[in-house]
Amino acid sequence: QPLMRQLAEQTGKRIQTVSVRIRPAGAGVVLAEDLPLHTDAIAAFAGVPMDLRAQVLPGFAFVGWDGVDEAGETLTIHPAHVRSVTALFRPVSEDQP
């Protein structure tokens, strides 16, 4: 994270860690600014909004988010105010949309 520290020093923006989880594990992927996350915590700048998008994997449907008051697959978080968010999915059968 040396790059983030340098950017923080240059811009005066504070770095904030945001926990991003997927429940159940393996049901989908969360993208931050259209890049897939491969970790359960991301470093972001406080005061700079970030777009997250839940992407389902086969056999699952998106249910919503825990930790924010948003329902759609895409949301904008403000890292200074959101410390943790969880993308919620549910299994679906072939006869269930």
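**Charged side chains of the protein chain.** Lys and Arg count as positive and Asp and Glu as negative, while His and the chain ends are not counted, and the place of a charge is taken as NZ of Lys, CZ of Arg, CG of Asp or CD of Glu. In this predicted model, the protein chain carries 8 positive and 11 negative side chains, with the centres of the two sets 10 Å apart. Local features need pLDDT of at least 70 and side-chain atom pairs count only at pLDDT 80 or more, whereas totals for chains, interfaces and linings use all residues of this predicted model. Residues are numbered from 1 along each chain as its sequence is written, and side-chain values use heavy atoms, with hydrogens and water left out.

**Order of the elements.** The protein chain has 1 helix and 8 strands (DSSP runs, H or I of at least four residues for helices and E of at least two for strands, numbered from the N terminus), which follow one another as α-β-β-β-β-β-β-β-β from the N terminus on.

**The largest nonpolar core.** This set of buried Ala, Val, Leu, Ile, Met, Phe, Trp, Tyr and Cys residues, joined through side-chain atoms within 4.5 Å (buried: under 20% relative accessible area, 1.4 Å probe, protein chains only), has 20 residues, and V20, I42, L52, W65 and I77 have the most contacts inside it. Among the elements that give it two or more residues are β1 (15-23), β5 (50-56) and β8 (84-91).

**Surroundings of L52.** Not counting residues up to four places away in sequence, L52 touches V20, V30, L31, A32, I42, W65, E73, T74, L75, I77 and V85 (contact: heavy atoms within 4.5 Å).

Notes:
Buried means under 20% relative accessible area, exposed over 50%, partly exposed in between (1.4 Å probe, protein chains only).
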